[in-house]
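Please look over the model below.

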Amino acid sequence: MFRNYLTIALRNFKRQKGFTLLNLAGLATGLASVTLIYLFILDEKGFDRFHPDSNNLYILGTHSRSNGQERTSAYAAGAWLKALKSRFPDVVGGTQLVSLGYPASFWDKKADKILLSENAFWVNPDFKEVFLFPLVYGNPETVFEKPNSIVLSKTIAWQFFGDQNPVGKTLEISHIYATNNTYVPLTVTGVLDDYPENSHIQPDYLISTGMLRAMMTANNQNWQENWGNGDGYFLTYLHLKPDTDINKLQRSFYQVVQANVTKNPDRAFEPVILPLKDVHFNEALRSSYNNSRIGDVKYLYIFACSALLVIIIASINYMNLATARAVRRAKEIGLRKVLGSNRLQLVWQFLGESLITTFIALLIALLLIIILLPVFNEISGKHFTLAHLVQGKLIGITLSTTLLVGLLAGSYPALYLSGLLPISVLKNARFASRGSDWLRKGLVVLQYTITILLIVSTGIMMKQMSFIRQSTLSKSGDQLLSIRWSGMASMDKYRSLKQRILEDPDIQVVTMANHLPNQDYFGSLDHDVTFPQLGNQVYQWAGMNGDFDLPQAFNLNLLAGRTFRNDNPADSSAYLLNESAVKALNLPLDKVLGMRLTIKRPYQDPAQKMEGTVVGIVRDFPFRSMHHTISPLAISARPDPEDRIVYVKLPAGKFQEKIAEVEAKWKQVLPGIGFGHWFMSEEFGRMYEGETRMAGLFKAFSLLSILIACLGLFGLSSYLAERRTKEIGIRKVMGASLLQVMGLLFTPFLTLLAVACVLAIPLGWFMMHRWLQDFTYRIELNGAIFLLSIILVILLTVAVVSYETIKAALVNPIRSLRSE
């Protein structure tokens, strides 16, 4: 029986080559899209699940309340882990990591190579008992025994030492806190195989915490004895017994913390225990980890829905074309029924044809995936290889989807065709079914609706991302070279470097400022600002530090007063305020100019406050992401003591040449200090990584949906033209013009498109309005994008349908009417 069905299916494929190719192309494109999105989702959902017993690994963090604000951090006080291990049997293990925020410089003196990295962690020997620890070289039992030990990742070891075994070799480390900016030798004791990309930490360097003993016990404090009021917070991880009651453990440990911590009426905090496998989608931890390590789960749902929409469009094509071509199979079905075939046998025959078509499409889809994988990596920001395609979950999901699509896409044609009455179809092969026509029209409307939604969504996303890139800092980003300084040398060295760089007539601006744009995990810019003339009110504003050329480098718009002057040393105590700051003071611009202010960090002693005078007002600009409101800002001409980046404005068209020249001058002025650099536009790219990825994927899906829809429209237009051949012939004999005939064939499609527009416009408006709410600064929704999307779909419909329509309209009516 199966062999018989297969033979018939292959004969039909051969007889209807065009129909088969259209179905295969649409289904293959849809399945390729779905498989790639499954791959993306599995990777995102698989964050941190590669560790042994990952379901029982947790983060010990802190939820704090201060000044009316609440915040959750992945850091825990130093004494907490020991207390948990000793008092609660459910805690079977744990480890603490020290991450000092600023990058460390690693120097191989023999090769005179320096690498800078923020992925340096100081760890205890119990790190390997909690996390995956696959060593390529070294003894896992002894790698952290000595205080000057360091384990390198496989990639970093290769960058320093090539293919050699580096165990026993020496690297020197310099860090603003850990070594007070002096180089300290470390011995390489192991090489760790690289962690997968879907890990919330990427440990390029693992250093024994013994190296930090002096820092951790300075000023009569011990970080390991801090219960929350002092110095000493760690990235802390717990290994718990299976089925541990997390809420009960958290409540019990909270009581322990309260019994050991000094009460502070201005600040309250409590421990939180969070699953490690969920950290990637925990928005509350965005300020604790690099942005690329924290994702947004709603984007996964959006991607999944997008893939679903594409495969729905492909399935609609199959159903439409199969029912439309039923006229070609009518006599076959009638004869089979007369000869004794029952309806169930016919259903299985047509479902079998659908499944064969779908699985052939899957083979084509696999070829498409292999070809398109590099393009998908670029759009999605991943680095998938062919090895990722053979994971069990992906294979299972892809095969299940293929089976489901085959059954669903073939279900209506099977039920419809198997239900044809043999008497009716054997009398006349040309028959019509109002039910199938209505379903076909409904499916075309659904197809149009999905296509319009994807095009509208893509257009609005691209427009919002363009709006973000037009911000004051972002527009300068392509030319601003950022060079990491971070307290690596004195300001005298900076002035010498600046002077050397400015000797180049092509370079007009060199400045120093905070790391901009300020991402959530960089640390707070919050300052307490007071104006003696206005009393003792404390304003909680952002503070930015730089040097005299900061306004020029960032193209700040001056509204009143003046900017900093290089020829006026007194301007080191001058301040610029933004518009939001002036609004917060509720004073006219001329009253604010010349006012004295004091400013300090919230945690600093009052004696550490700085004083200055307001000399200018600048227009608001987004120094954080567009997800945050632009807050009041005070800009100083005194560089921050710690957060320092050098910015060099490069001439367009000479980037690589000028970077090489700047690096050469850097090495002359700052020998032994790594040259870590990037363009500010790259920082904006990292800031909006999720949104950019989403817009790119939507753009790709829109193109695919348009392609698949066009294939379906082409097939349907061919069917309609064939079905109305004699009608067209009669109309032409009666005097109808070419345009009238074309209008006759275009009208059904344009009518269905009009219905789809009625559905798609309000739905698209609602969806994109919700998405834009995530941005504090956003574009206004207007009808232009919706109108352009509809015009685009109309033009595509006309272009696709025209071929078969014009061909049918130009046929000699004698040929059309020759036979009944």
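## Overall make-up

The chain's secondary structure comes to 25 helices and 25 strands. This is a predicted model. The chain has 820 residues, and 52% of them count as buried. Take the contacts between residues at least 6 apart in sequence: 79% of these join residues at least 24 apart.

Four strands form an open sheet in the order 16-24-15-25. The pairing is antiparallel. Strand 16 (510–513) and strand 25 (677–679) are the edge strands, and each pairs on one side only. From one strand to the next, the twist averages 30°.

Strand 15 spans residues 480–484. Three bridges link strand 15 to strand 25, in the antiparallel sense. Within this part of the sheet, Ser482 stands opposite Trp678 of strand 25.

## Helices on the sheet

Helix 15 (residues 491–501) packs on the sheet. Helix 15 touches strand 16 and strand 24 (645–649). The direction of helix 15 makes about 150° with that of strand 16.

Helix 19 (residues 655–669) lies across strand 15 and strand 25. Helix 19 runs at about 30° to strand 15.

## Helix 15 against helix 19

These two helices also pack on each other. The angle between helix 15 and helix 19 is about 145°, and their axes are 10 Å apart. Helix 15 passes helix 19 in a right-handed crossing.

Helix 15 contributes Lys493, Ser496, Leu497, Arg500 and Ile501 to the contact. Helix 19 contributes Val662, Lys665, Trp666, Gln668 and Val669. By class, the contact of helix 15 with helix 19 holds five nonpolar, two polar and three charged residues.

## Helix 3 against helix 7

A second helix pair can be described in the same terms. Two packed helices are described by the angle between their axes and the distance between the axes. Helix 3 covers residues 80–87 and helix 7 covers residues 246–260. They pack at an angle of about 120°, with axes 11 Å apart. Helix 3 is therefore oblique to helix 7. The crossing of helix 3 past helix 7 is right-handed.

On the helix 3 side, the contact is made by Trp80, Ala83, Leu84 and Arg87. On the helix 7 side, Leu249, Phe253, Val256, Val257 and Asn260 take part. What classes do the residues of the contact of helix 3 with helix 7 divide into? Seven are nonpolar, one is polar and one is charged.

How values were computed
Residues numbered from 1 in each chain as written. Predicted model: local features only at pLDDT ≥ 70, side-chain atom pairs only at ≥ 80, totals over all residues. Heavy atoms only, no water. Pairing = 2+ DSSP bridges. Axes fitted to C-alpha atoms, helices over the stretch in contact; angles between N-to-C directions. Contact = heavy atoms within 4.5 Å. Parallel < 35°, antiparallel > 145°, perpendicular 65-115°, else oblique. Left-handed = near helix turned anticlockwise from the far one by under 90°. Nonpolar A, V, L, I, M, F, W, Y, C, P; charged D, E, K, R; others polar. Buried < 20%, exposed > 50% of the residue type's maximum accessible area, 1.4 Å probe, protein only.
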